[in-house]
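Colleague: Can you take me through this model? I would like to start with the sheets and then go to the helices.

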Amino acid sequence: MLAIERRNQILEKLQQEKRVVVSELSRLYQVSEETIRRDLEKLENDGLVIKSYGGAVLNEHSIFDLPFNIRKNQMVVEKQQMAAIIADMVRDGEAVMLDASSTAVYVARKLKEKKKLTVITNSVEIIVELFDVPEWNVISTGGLSRERSFALVGPNTNRMISSYHVDKAIISCKAVNMATGMMDSDEQDACSKRLMLGAAKERILVADNSKFDKMAFAKVAEWTELTKVVTDQEPSREWQREFERLRIECVYPGKGKGSQKK
């Protein structure tokens, strides 16, 4: 097993168990305890874990995202439910922008049921996912590739996004907050998402319940930039009243496509 694979598996265990122990990891992966300590030191330097006596805990306050391959396997059922809702909103022949979030990969998979879509994305994973849909137009934004997020970012990415106008932009983010809007862990990712919203007629945020009432490093956009929110369960009454006030349609499993707009 490569070191990066082992570290990713350690992060997965931390997601599930909240704490890992050096001696147990040493036995599990059949490497020395010193090797495990170096793994944990690397993860700590990356801002993902906090070393503790004999082990480590997940850094819940990290401004950095977990690696994409780990995020992709989190809350899978919820992401599939939200992707199904999004698929009902997209019509054959439309032009759609998808960001480089793990949630957007599930959206892309569900959208394969549609005909003749044009998809513009800065996600390497989505580009690969859509290779087997030849009747679509799949456009890569280009840009600087990010290993941890499988995202394309930077000035070239932003220029490409800004050169199009689409029917729908579908983005996710790390945190949503009533006072500060949508936020992400990386400034360049946040900029790409913000430009996608600006390029679309319909602007849709897909965010599961774990994102609500949280904070993150970089602001994506104000709530006034959105037309719809898709989430995995009914939001609190406070959030529902806020969406009503902002004339944002909020859709979740069991609600169907009923609008909250006035």
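Modeller: What follows covers the sheets, then the helices, then a few single residues.

Colleague: Before that, what sort of model is it, and how are residues numbered?

Modeller: This is a predicted model, in which local features need pLDDT of at least 70 and side-chain atom pairs count only at pLDDT 80 or more, while totals for chains, interfaces and linings use all residues. Residues are numbered from 1 along each chain as its sequence is written, and side-chain values use heavy atoms, with hydrogens and water left out.

Colleague: Fine. What is the strand order in the sheet of 7 strands?

Modeller: The order is E6-E5-E4-E9-E12-E14-E15, in an open sheet with parallel pairing. Strands here are DSSP runs of E with at least two residues, helices are runs of H or I with at least four, and both are numbered from the N terminus. Two strands pair if DSSP finds at least two bridges between them.

Colleague: Which strands are at the edges?

Modeller: Strand E6 (137–140) and strand E15 (249–251), each pairing on one side only. From one strand to the next the twist averages 20°. Such angles run from 0 to 180 degrees between N-to-C directions, and axes are lines fitted to C-alpha atoms, for helices over the stretch in contact.

Colleague: How many bridges join E5 to E6?

Modeller: Strand E5 (residues 118–121) is joined to E6 by 4 bridges, and the two run parallel. Isoleucine 120 of that pairing has isoleucine 139 in E6 opposite.

Colleague: And the sheet of 3 strands, is the pairing parallel or antiparallel?

Modeller: Antiparallel, in an open sheet ordered E10-E11-E13. Its edge strands are E10 (175–177) and E13 (218–221), and the twist averages 35° from one strand to the next.

Colleague: What packs on it?

Modeller: Helix H9 (residues 187–198) does, touching E11 and E13, with its direction at about 10° to that of E13. Contact means heavy atoms within 4.5 Å.

Colleague: What are the bridge partners inside that sheet?

Modeller: E10 and E11 pair over 3 bridges in the antiparallel sense, and valine 176 has methionine 182 in E11 as its bridge partner. A hairpin through 3 residues joins E10 to E11. Another 3 bridges join strand E11 (residues 181–184) to E13, again antiparallel. There, methionine 183 stands opposite lysine 219 in E13, and aspartate 184 has alanine 218 as its bridge partner.

Colleague: Back to H9. At what angle do H8 and H9 cross?

Modeller: Roughly 10°, with the axes of helix H8 (residues 155–162) and H9 coming within 9 Å. H8 and H9 are therefore roughly parallel to each other. Angles under 35 degrees count as roughly parallel, over 145 as roughly antiparallel, 65 to 115 as roughly perpendicular and the rest as oblique. Thr157, Asn158, Ile161 and Ser162 in H8 meet Cys191, Ser192, Leu195 and Met196 in H9.

Colleague: What about H2 and H3, how do their axes cross?

Modeller: At roughly 110°, with helix H2 (residues 22–29) and helix H3 (residues 33–45) coming within 9 Å. That makes H2 roughly perpendicular to H3. The residues that meet are Val22, Ser23, Leu25, Ser26 and Tyr29 in H2 and Glu33, Ile36, Arg37 and Leu40 in H3.

Colleague: Which residues of H1 are buried?

Modeller: Arg6, Arg7, Asn8, Ile10, Leu11 and Leu14. Buried means under 20% relative accessible area, exposed over 50% and partly exposed in between (1.4 Å probe, protein chains only). After H1 comes lysine 18, with a positive phi near 75°.

Colleague: Where else is phi positive?

Modeller: Glutamine 30 has a positive phi of about 55° and is not a glycine. Glutamine 30 lies in the loop between H2 and H3 and is exposed, with a relative accessible area of 73%. Arginine 247, also not a glycine, has a positive phi of about 60°. Arginine 247 sits in the loop between helix H10 (237–246) and E15 and counts as partly exposed at 45% relative accessibility.

Colleague: Why point those out?

Modeller: Because most residues other than glycine have a negative phi.
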